Amino acid sequence: MAFGQYVNLDFDQIKTSIKDYLRSNTNFTDYDFEGSNLSIIIDALAYNTYTTAYNTNMAANECFLDSSTLRENVVALARNIGYVPRSRRSSRARVSFTIDGLLDTSTLTLNSGIVCNGAGENTSFIFCIPEDITIPVTNGVSEFNNIEIYEGSFITQTFTVDTSLFNQRYILDNSFIDTSTIKVKVKPSSESTSSVTYQQIDNIVGVTSTSNSYLLQEIEDERYELIFGDNVIGKKLLNNNEVTVSYIVSEGKDGNGASEFSFVGNITNQDGAAINSDLIGLVTTDEKSRDGDEIESISSIKYYAPRIYSSQYRAVTASDYESVLGYIYPNVESVTAFGGEEMSPPRFGKVFISVKPRNGDFLSDQTKRELVQKLKSYAVAGIVPEFIDLKYLYVEIQTSPYYNPSLNDNPNNLKTGVSNALTQYSRSIDVNKFGGRFKYSKAVSLIDSIDSSITSNITLVTIRRNLKAVLGQFAQYEVCYGNMFHTQESAYNVVSTGFTIEGVTVTVYLAYEVINR
């Protein structure tokens, strides 16, 4: 059979090609391919060819990062360029509590593991710490101030090194691990009392044959594997070494927003004796839980993996900062960065970064400080990163859809459908990113497509900036909309909400009118 040029590998096209080939053969001149039993054989051949072509196409697509769809394949391809996808992240909170009435006690240790119950919206979560925290006791009082706690379950897993095995693997059994909480300690044997802490590394730069380090990689079912050295890159484990790995398995973003905590942890004194829980005071919340997030999505891996590879884990240009920040901080919805030389007047030696987090509108001061510290390991010496808060431009929509009552007799359902569709559009990447644009035509067509009964709609759009005034002192404000204003007859283009001024009995407004523009 001669090779044909197949433009389309649909079932019908393949079947037609087989029939054309058979008709060209004189042995089948008088056959009726539509009604004879030969039609069944042709269907079987076409179906087999179609299935083979489909499987071949899918297998070929899975060989490339851009076209692969299975997470295991996407992760494996990203691994080839040194990218480790972000794990699920535990939400973090900060709490404080005091222990009074301590006699003959010099130090207290808050043991790793469960610390508090945290109450969120209609549910509660367990919060833990990955390492022991020890503080001194002064005048019988001990204060655990601003302790960072992590949502999730604290898990400990132990491996015994067996060099007789050809390829021993160190796989963590649980999915949904927050890899930032992984702690690895190695003992010479199970009977040993001392251990060495191993540090996770992102790349092999500066790693020697004696470095106590390990690499981490994601494998199937969203689990993780530890890879230790070979005495060339990193220190090699010896026979009968005991490896103890502790980590926190998290609920991700569901744990965000917990603000009320009760202590359920374990505290011991310098002799290892447990402290009476009656001595522990109430837990106060310094910062409610935040920054929890899900495991990195496939689309995010495809986006960030080549960009992190191109930056070589170094932040030099503004685009490098955008890529690295999205890698080290999973709660990023959109980020932009620019050099201080672009400002007026210029501020050389600085890079300014603005971040739109997924959960909330602004980064907390604590998160900013943490990110600045993390960026130092990527930034070039002499470049100081600085975070600036966003100035949001809000889009308010007032729409009046018209519909045919004979096609839909429930206007409340239509109202709900329109509201849900516009809310979904407001969360899309077309709007919620730097450089994103609200498209009036898209919003109008979206409303019309909600239900076949909607015939048309009249939609008005208002843009809004929020301004926080400084009370009791003179101040200058700049409000930029970034959009053209059109002249309106006998009307103001920009109007504030009402406010009061001391000594004025009526409500006043700020207003601005564009004239001849």
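These legends describe close-up views of a predicted model.

**View 1. Helices α1 and α2 pack against each other.**
Two packed helices are described by the angle between their axes and the distance between the axes. For α1 (residues 11-23) and α2 (residues 38-61), the angle is about 130 degrees and the axes are 9 Å apart. The crossing is right-handed. On the α1 side, the contact uses Phe11, Ile14, Lys15, Ile18, Lys19 and Leu22. Their partners in α2 include Leu38, Ile42, Leu45, Ala46 and Tyr50. By class, the contact of α1 with α2 holds 10 nonpolar, 2 polar and 3 charged residues.

**View 2. Helices α4 and α5 cross.**
Here α4 spans residues 298-311 and α5 spans residues 318-328. Their axes come within 9 Å and cross at roughly 125 degrees. So α4 is oblique to α5. The crossing of α4 and α5 is left-handed. From α4, look for Tyr304, Arg307, Ile308 and Ser311. They meet Asp320, Glu322, Ser323, Val324, Gly326 and Tyr327 in α5. The contact of α4 with α5 has 4 nonpolar, 3 polar and 3 charged residues.

**View 3. Helix α3 has buried residues.**
Which residues of α3 (residues 71-79) are buried? They are Arg71, Val74, Val75, Leu77 and Ala78. These residues cover an arc of only 165 degrees around the axis, so they lie on the same side of α3. What do they pack against? The partners are strand β11 (213-218) and helix α4.

**View 4. Helix α8 also has buried residues.**
In α8 (residues 440-448), Ala443, Val444 and Ile447 are buried. Their arc around the axis is only 95 degrees, which puts them on the same side of α8. An α-helix has 3.6 residues a turn, so residues three or four places apart point the same way. The buried residues of α8 pack against β20 (394-403), α7 (411-426) and β21 (454-464).

**View 5. Gln199 sits in strand β10.**
The strand covers residues 196-200. Find Val184 as well: Gln199 and Val184 are 15 residues apart in sequence. In space, their C-alpha atoms are 7.3 Å apart. Which residues does Gln199 contact, leaving aside its neighbours within four places in sequence? Gln199 is in contact with Asn212, Ser213 and Tyr214.

Conventions
Residues numbered from 1 in each chain as written. Predicted model: local features only at pLDDT ≥ 70, side-chain atom pairs only at ≥ 80, totals over all residues. Heavy atoms only, no water. Axes fitted to C-alpha atoms, helices over the stretch in contact; angles between N-to-C directions. Helix = DSSP H or I, 4+ residues; strand = E, 2+ residues; numbered from the N terminus. Parallel < 35°, antiparallel > 145°, perpendicular 65-115°, else oblique. Left-handed = near helix turned anticlockwise from the far one by under 90°. Contact = heavy atoms within 4.5 Å. Nonpolar A, V, L, I, M, F, W, Y, C, P; charged D, E, K, R; others polar. Buried < 20%, exposed > 50% of the residue type's maximum accessible area, 1.4 Å probe, protein only. Arc of directions from axis to C-beta.
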